[in-house]
Amino acid sequence: MSNEIEKTEENNNKNNKNNISIITGDPKRAIRKLSWPIMVSMLVTFAYNLADTIWVAGLGTESLAALGFFMPIFLIIIGLGNGIGAGANSLIARSIGAKDKKKADNTAIHGLLITLIISIIAPIILIFFLNDILLLMGAASVANLTAEYARVILAGLIVLLFSSVGASILRSEGDVNRAMKVMILTAVLNIIIDPIFIYILNLGLAGAAYATLLSSFISSFVIFYWLIIKRDTYLNLSKERFNFDMGIIKEIVFIAIPATSEIIIFSIVSLVINFMLSFIAGPLGVAVYTAGWRIVNLAMIPHMGLGTATLTVVGAAYGARKFKKTNNYL
């Protein structure tokens, strides 16, 4: 038994060293190695978003329109997760490049701490002002349906953000394969349980929200198990490695703000478009726009995959003070 444990630990260490050698090695090879699993992750996410739209469309135009009205808010939520993940990813990669593992470990923990704080504060604010926000968006005709879906998602915000930030932490140490597997697990589960919650359990639009949260909860638990319980990752997220540092929080937020701002601006544009469509064509116009935009997002996958991979590789090179390598890639 002890031999099996030692063999497992040896394999884990070997895999971790291989991941680190990839992100600190040749940039072109690193980009190729890191980008394709990220693209696959985004592709399966697109697939389950499309499946979500298809299942909800079966409930009628109003339900699909309600989903569309919540989309800008949902994008902001995803933007928060991506922003925190990008901030943590960049700082962790730079710390790994600088061979400062202690700071890399501490940064990962701070990333999860920020996620926890936002997951508590954001739902309280959004739920309190939800009705006013929906009326401002022009969703009066489907406000009840939108609120039904939104409250469920907001109440379980922590699992959505944790799965996003947790996957970013795995990517920051070059462990893109496990991050990809988690996203595939989330997508497959969501596609399977969506019709069960919506139609068999007769939960309607709220069922789609419960299905999203349940699949995200399972993927979050898997990430939590790897990072906190099993601890077979390069990064060590034990409480002994945590040392509260406001400087680390500032660095993460400094990067997260522009990353999140981009999504917020895009969400505001979507909000304005939804308002105009609601005024001109009613819920049907919003429903059509929602379905069409899910397909348009497919074209963004290669760019986002390459961008996420580049963030890790350039961060590691910058931390190692290999500026020539960074400049040559850019």
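Seven salt bridges are present in the structure, a salt bridge being a side-chain nitrogen of Lys or Arg within 4 Å of a carboxyl oxygen of Asp or Glu. This is a predicted model, in which local features need pLDDT of at least 70 and side-chain atom pairs count only at pLDDT 80 or more, while totals for chains, interfaces and linings use all residues. Residues are numbered from 1 along each chain as its sequence is written, and side-chain values use heavy atoms, with hydrogens and water left out.

One of the bridges joins R94 and E251, at 3.6 Å from N to O. This pair links distant parts of the chain, with R94 in helix α3 (residues 61-97) and E251 in helix α10 (residues 246-296), 157 residues apart. Helices here are DSSP runs (H or I, at least four residues), numbered from the N terminus.

What does R241 pair with? R241 forms a salt bridge with D105, and their closest N and O atoms are 2.9 Å apart. Because R241 lies in the loop between α9 and α10 and D105 in helix α4, the bridge ties together parts that are 136 residues apart in sequence. D105 is buried, at 0% relative accessibility, whereas R241 is partly exposed, at 28%. Buried means under 20% relative accessible area, exposed over 50%, and partly exposed in between, with a 1.4 Å probe and protein chains only.

R178 and D232 form another salt bridge, with 2.9 Å between the closest N and O atoms. R178 belongs to helix α8 (residues 176-200) and D232 to the loop between α9 and α10, so parts 54 residues apart in sequence are tied together.

I turn now to the second largest pocket. Its lining has 11 nonpolar residues, two polar and no charged; Ala, Val, Leu, Ile, Met, Phe, Trp, Tyr, Cys and Pro count as nonpolar, Asp, Glu, Lys and Arg as charged, and the others, Gly among them, as polar. Helix α4 gives the largest share of this lining, five residues.

Finally, confidence. The chain averages a pLDDT of 79, and 77% of the residues score at least 70; pLDDT is the predictor's confidence in each residue, from 0 to 100. The mean is lowest in helix α1 (residues 2-24), at 53, and highest in α4, at 91.

How values were computed. Helices (H or I, at least four residues) and strands (E, at least two) are DSSP runs, numbered from the N terminus.
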